[in-house]
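Please read the following alongside the sequence and the coordinates.

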Amino acid sequence: VTIKAGEFVAIVGPSGSGKSTLLNMIGLLDTPSYGQIFLKGIDVSRASSVERARLRNQELGFVFQYHHLIPEFSALENVMLPLELAGRAGARADAEQMLARVGLSQRLGHYPKHLSGGEQQRVAIARAFATKPGLLLADEPTGNLDAATGADIIDLMFAMNAEQGTTLV
C-alpha cells in the first residue's frame with residue numbers, strides 16, 4: 001500500500017484481522033516478519049531501535065483507543081512532554097496553543113482523572129498533533145467514547161489533518 005503525504009486513509013476490517021498490528025508496524029512499534037516499510041523513501045523495516053525511536057519522535061504522532069496520558073501530569077504537561085523530548089523551544093506556549101485548539105484552554109492544569117473521557121482523548125489528540133508530525137496514526141480513537149463525543153473527536157482530527165497537512169491513518 002502507498003499512502004501519500006496529506007492523505008486520510010482508513011484501515012477497516014473485522015476484529016482480529018490485523019488492523020492494529022499494521023498500524024504498529026507503520027508506527028515503528030513492531031517490526032514486520034517480512035516485507036518492507038518505507039517512510040519518506042527510506043526503508044525503516046530493519047532500522048535500529050535508536051533510529052526507530054528518533055523517527056517516532058520526529059515524524060510520527062499516535063492517538064490510541066486508550067489515551068495513554070501520564071496520570072501524574074496535567075493536561076498541559078502531557079502535551080508538553082513530546083515537545084520537550086524533541087528539544088523544541090517554546091514547548092509550553094505550543095502546548096497551550098494546541099490545548100486551546102482542541103477546546104481545553106480552561107483545563108490546562110487538570111489531571112487526567114479529573115477530565116472526562118472525551119477531554120482525555122482531546123488531550124491525546126493535542127499531544128499527537130503538537131509536534132506537527134508528518135504522519136499521525138489513530139488506532140480506534142473513538143472506541144471508548146459515546147457516539148456524539150466520538151463524532152466530535154473524528155471531526156476535530158479531520159480539521160487538524162487539513163490544517164496541518166498531516167497524513168492521517
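The paragraphs below take up a sheet, a residue and a pair of helices.

This is a predicted model, in which local features need pLDDT of at least 70, side-chain atom pairs count only at pLDDT 80 or more, and totals for chains, interfaces and linings use all residues. Residues are numbered from 1 along each chain as its sequence is written, and side-chain values use heavy atoms, with hydrogens and water left out.

Three strands form an open sheet in the order β3-β4-β5, with parallel pairing. Strands (E, at least two residues) and helices (H or I, at least four) are DSSP runs numbered from the N terminus; two strands pair if DSSP finds at least two bridges between them. The edge strands, each pairing on one side only, are β3 (60-64) and β5 (167-168). Strand β4 (residues 135-139) is joined to β5 by two bridges, and Leu135 has Thr167 of β5 as its bridge partner. Helix α5 (residues 117-130) packs on this sheet and touches β3 and β4.

Met160 lies in helix α6 (residues 147-164). Its relative accessible area is 1%, so it counts as buried (under 20%, with exposed over 50% and partly exposed in between; 1.4 Å probe, protein chains only). Leaving aside neighbours within four places in sequence, Met160 is in contact (heavy atoms within 4.5 Å) with Met98, Arg101, Val102, Ile125, Phe129 and Gly165.

Met98 also belongs to the contact of α3 with α4, on the α4 side. Helix α3 (residues 75-85) and helix α4 (residues 91-101) have axes that come within 8 Å and cross at roughly 125°. The axes are lines fitted to C-alpha atoms over the stretch in contact, with angles from 0 to 180 degrees between N-to-C directions. The two helices are therefore oblique to each other (under 35 degrees is roughly parallel, over 145 roughly antiparallel, 65 to 115 roughly perpendicular, and the rest oblique). Among the residues making the contact are Leu76, Val79 and Leu83 of α3 and Ala95, Met98 and Leu99 of α4.
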